[in-house]
Amino acid sequence: MQANLYEYLINNKNYAKIIICEDLNEAKSLSNVALYLGINSFILPDFRAEINDDLRSFSMELFDISKVLSDYYDYQDKKILIIPINTIKKPLPSKDDLKCLKIEFGDRINLNSLAKELLRLNYNLVDMVQSPGEFSIGHEKIDIFSLKYENPIRIVLFDDEVESIKYFDASSGLSYKEECEYCDILPLISYVSEEKYEEIKESILNNDDLNEYESVFYWHLKLSNYLEFSYVCTKEFELGNIISKAKKYSDMVFNPSNDFFKLNSNKKIKLLASNENKFLDYKLGENVEKIISNAVLNIQSDDELILSLNKYYKKEKKYKSSIVLDELIKNDYVVHERYGVGRFLGLELIENEGKKQEFIVIEYQNENKLLLPTSSLYLLDKYISSSIPELDKLGKNTFVKLKEKLKTKLLAIAGAITELAAKRQLIVTKAIKKPLDYEIFKAKAGFVLTSDQEKAVNDIFEEISKCTPMDRLLSADVGFGKTEVAMHAIFACVKNGLNALFFVPTTLLCSQHYKTLKNRLEPFGIQVFRLDRFSNTKKAIMNTKEPKVIIGTHALLSLAIDDVGLIVIDEEHKFGVKQKEKLKDISIKAHQLSMSATPIPRTLNQALSTLKTYSQILTPPNDRLDVRTFVKTYDDALIKEIIARELRRGGQVFYIHNHIASIEHKKRYLEELYPKLRILVLHSKIPANEAEEKLFEYEEKKYDLLLCTSIVESGIDLANANTIIVEKSNHFGIADLHQLRGRVGRSKIQGFCYFLVDNEESVSEDSKKRLLSLASNSYLGSGSTLAQMDLEIRGGGNLLGAEQSGHIEQLGYALYIKMLEAEINRLSKGNITKEIKYEQKLLVNAYISDYLVPNDKLRLSLYRKINECDNLASLSTMQDSFNDRFGKCDSYTRNYFSLMAIKILCIKHGFCEVSNYEQNIKLLKDNDERIILKAPSKSDDDIIDTLLKYLNSL
């Protein structure tokens, strides 16, 4: 395809300005031809939405269409626009549709009018701006994430006049120093007049299941397919002229080596590289013209080669997930370190002796309430577990006694972890070096490793090259390339004359991994064996003396084999307790790599950092597509269309019906709906052996649809199944839904996920938010947030073992990990984590003003972040960020920051309590030592100043 476009462009001075192609991969390939020829190319995204789809899961495509087309229209030099066929079939905005709203320094602005205009530009009003297409309004300021820029913009007003325009960092909230003279707010697809906006809203309200303007606005804009210039197609798309097949040039596959350049020394070669250093790797003759270019272009003619040493690198977009793990929502369960499990009821401003402070209200048994000062937020964690807890009783020491009882068990667990790590450090094992043909093996993968994969591979090689055995955990979201990373280590191990073992929990996974390893390793002379109940190759393995890799289930545990250099364990938590003990025995003498589909929590990672090394892959493979997620009301016609659409493209479907008693009835119903449908039923009451055999048949495409319970939510990797339907999705937790969605879209094929609800009216607000959060967090990489939540809900069995689940249920995951971390640190590092005991009973007006931050959820989040500051420098940075984001602190908010400074200094100097009565101040230590201070008056300023002056003098 590159050769066709190259020949077309060099032979046509008046070339068509628009190229229509198959998909994004082809678009990227064609753009490199333009780059080499000095033509600026603009690539539109592959917009695959169907008419009336909910557009929230396509928001990034809509952003890119707006930005790319706007840049294209503005660019005045040589250019082409490359559009995938799916996108050109949709209405596209014209230059007039994408006219920007300009805001300049000194302009006079009415905030209400501007907010309405931004809504008509299709921007979304939020509490805090984090992603493109969002805006928020604060006290005399407005934050806007314009689609035109890489960073959001903060516009500060003096009365109604624009006083400053600055970019700011979306993660920290801090503005950059440089001021801008103006900013352009690019519409999302099209600007809509006030009259048209109301008309569309009315139409959506009357006609759509999801009564959300932003979810379907695009379909109501009535744009026409707008093409400013002539266009040509790369294939016959029933649209117009086709680029002719090249007569002189043809595409070629180029694997650079000195032998290649020697064999082609009689041809003129134009060799492209992004920098001079890349040329130094090869012996180049005088026939080679070295060209500095970022293009990836490989074409040939009879007498000329145009080749590139560059590789495709996918620009890794990092979008911030809108789901916050520790965010507290009303009626969430929380666990207080001293009083146990309660229910969070919200924030309440309470006046005591004329002074106001904000408290967190927690409900316990018998509707008893605990008012927790926001300064004591460190005592509170969100209760995360797989079960619904029973509320504790206030006024009893039951929870404190439970904690003390579990401390003994935690000590044993922490002791076992540290003892195993210590044993491994004393063992001498064989070092594994990179073999000579490693780079060839790496190149034969057919794709470029992501930056995270590259780092993981390098870290593994650095560790296995030593004689101390490696114990590393490799975690990544579903389909992010853990197995590929493991294969690099396996390849090196066998090439170093050592055996490698690859443990998997099920025969289905064994079969899948066996095929993958066989395809990659056998061309390099590495024998790959499979050992499970379907393939008893034990005799052949024992008779083969050459180094090899053996992949198998627990059957591998009974294999007596010497010279094991590396053991890879996939999903270790799925092995039984006895199997785990055997795994420990055989793995202690070899390098070990454990693989997990979910990241470990940050706190536990810190605790285990000296015991187990850790690699995490957060970026998806370059050719991976995200899973398009839709929330729909159940409808027979919809079900039929979803199934038909997947079967038309030769794929298979997962259908989740999470009720065993009625699953056969559901099968008959689906067969009536779609008579020729081949349906396989699977659930937990079907014996494991039979279930695995049936899944093999499904993998071999003997069935079209797998009707099952949520039993398939993990451990199933079927590349041909790329549509999943989840019935009654509002009855599932967010982590379960994410895992189910992870069953599809695991290859280069677009995956589709449909979360169905029976009746939108009956779905609770929390369930609706959960489902829509998943829909809007369907982009690649969002899984790292959701997968972490999944691990926390499931209880960390990947690392700690299922036998501890009972302890986690009692304490909640967050507090359990906090206590375990303290024990591991004490045993491994000698660090004793001293429990913070601090109470602040100062009668001053101190709280985050709801005038500056009116949203309760956002205010609570700010309280939490301020409480996390453990030194004055971080508190000062937090206050600067607050002033920048919400406007200058008023007296109440300023006092709150001062109380946090007093808290930091009191803890530093060993004071456990501070209180006052009028102007008399008392500081108390654990040993009952008291310090009495007297302020000039009982005013807030004098109380705070007196305390800070004294504490700073210590």
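Trainee: Are phenylalanine 254 and phenylalanine 261 buried or exposed?

Mentor: Phenylalanine 254 and phenylalanine 261 are both buried. Buried means under 20% relative accessible area, exposed is over 50%, and partly exposed is in between, with a 1.4 Å probe and protein chains only.

Trainee: And what kind of aromatic pair do phenylalanine 254 and phenylalanine 261 form?

Mentor: Edge-to-face, with 6.1 Å centre to centre and 75 degrees between the planes. Rings of Phe, Tyr and Trp (its six-membered ring) pair if their centres lie within 6.5 Å; planes under 30 degrees apart count as stacked, over 60 as edge-to-face and the rest as tilted.

Trainee: What should I keep in mind about where these values come from?

Mentor: This is a predicted model, where local features need pLDDT of at least 70 and side-chain atom pairs count only at pLDDT 80 or more, while totals for chains, interfaces and linings use all residues. Residues are numbered from 1 along each chain as its sequence is written, and side-chain values use heavy atoms, with hydrogens and water left out.

Trainee: How many aromatic pairs are there in the whole structure?

Mentor: A search of the whole structure gives 25 aromatic pairs. One of them is tyrosine 72 with tyrosine 73: the ring centres are 5.9 Å apart and the planes sit at 55 degrees, so this pair is tilted. Tyrosine 72 and tyrosine 73 are buried as well.

Trainee: Which rings are linked into a cluster?

Mentor: Ring pairs link Phe47, Phe58, Tyr218, Trp219, Phe630, Phe752 and Tyr754. Phe47 also has a charge over its face, as lysine 90 lies there at 5.6 Å from the ring centre. The criterion is NZ of Lys or CZ of Arg within 6 Å of the ring centre and within 35 degrees of the ring normal. Lysine 925 lies over the face of phenylalanine 911 too, at 5.1 Å from the ring centre.

Trainee: Where is phenylalanine 217, and what does it touch?

Mentor: Phenylalanine 217 is in the loop between α7 (213-216) and β12 (231-233). Helices (H or I, at least four residues) and strands (E, at least two) are DSSP runs, numbered from the N terminus. Phenylalanine 217 is buried, with a relative accessible area of 1%. Setting aside neighbours within four places in sequence, its contacts (heavy atoms within 4.5 Å) are Leu55, Leu62, Asn122, Leu188, Ile189 and Ile204.

Trainee: OK, charges now. How many salt bridges does the structure hold?

Mentor: The structure holds 35 salt bridges, a salt bridge being a side-chain nitrogen of Lys or Arg within 4 Å of a carboxyl oxygen of Asp or Glu. Take arginine 520 and glutamate 484, with the closest N and O atoms 2.8 Å apart. Arginine 520 is in helix α13 (residues 507-521) and glutamate 484 in helix α12 (residues 482-495), so this bridge ties together parts 36 residues apart in sequence. Both arginine 520 and glutamate 484 are buried.

Trainee: What about aspartate 758 and lysine 728?

Mentor: Aspartate 758 and lysine 728 form a salt bridge too, with the closest N and O atoms 2.5 Å apart. Aspartate 758 lies in the loop between β35 (751-757) and α21 (765-776), and lysine 728 in the loop between β34 (721-726) and α20 (734-741), so the pair links parts 30 residues apart in sequence. Aspartate 758 is partly exposed at 43% relative accessible area, and lysine 728 is partly exposed at 36%.

Trainee: How far apart in helix α26 are aspartate 856 and arginine 859?

Mentor: Aspartate 856 and arginine 859 are three residues apart in helix α26 (residues 856-867), about one helical turn. Their side chains meet in a salt bridge at 2.8 Å, N to O. Aspartate 856 is partly exposed at 41% relative accessibility, whereas arginine 859 is buried at 4%.

Trainee: Which buried lysine has no salt bridge?

Mentor: Lysine 267 is buried without one, and the nearest side chain of opposite charge, aspartate 302, is 6.4 Å away. For charges, Lys and Arg count as positive and Asp and Glu as negative; His and the chain ends are not counted. Lysine 267 sits in the loop between α8 (258-263) and β14.
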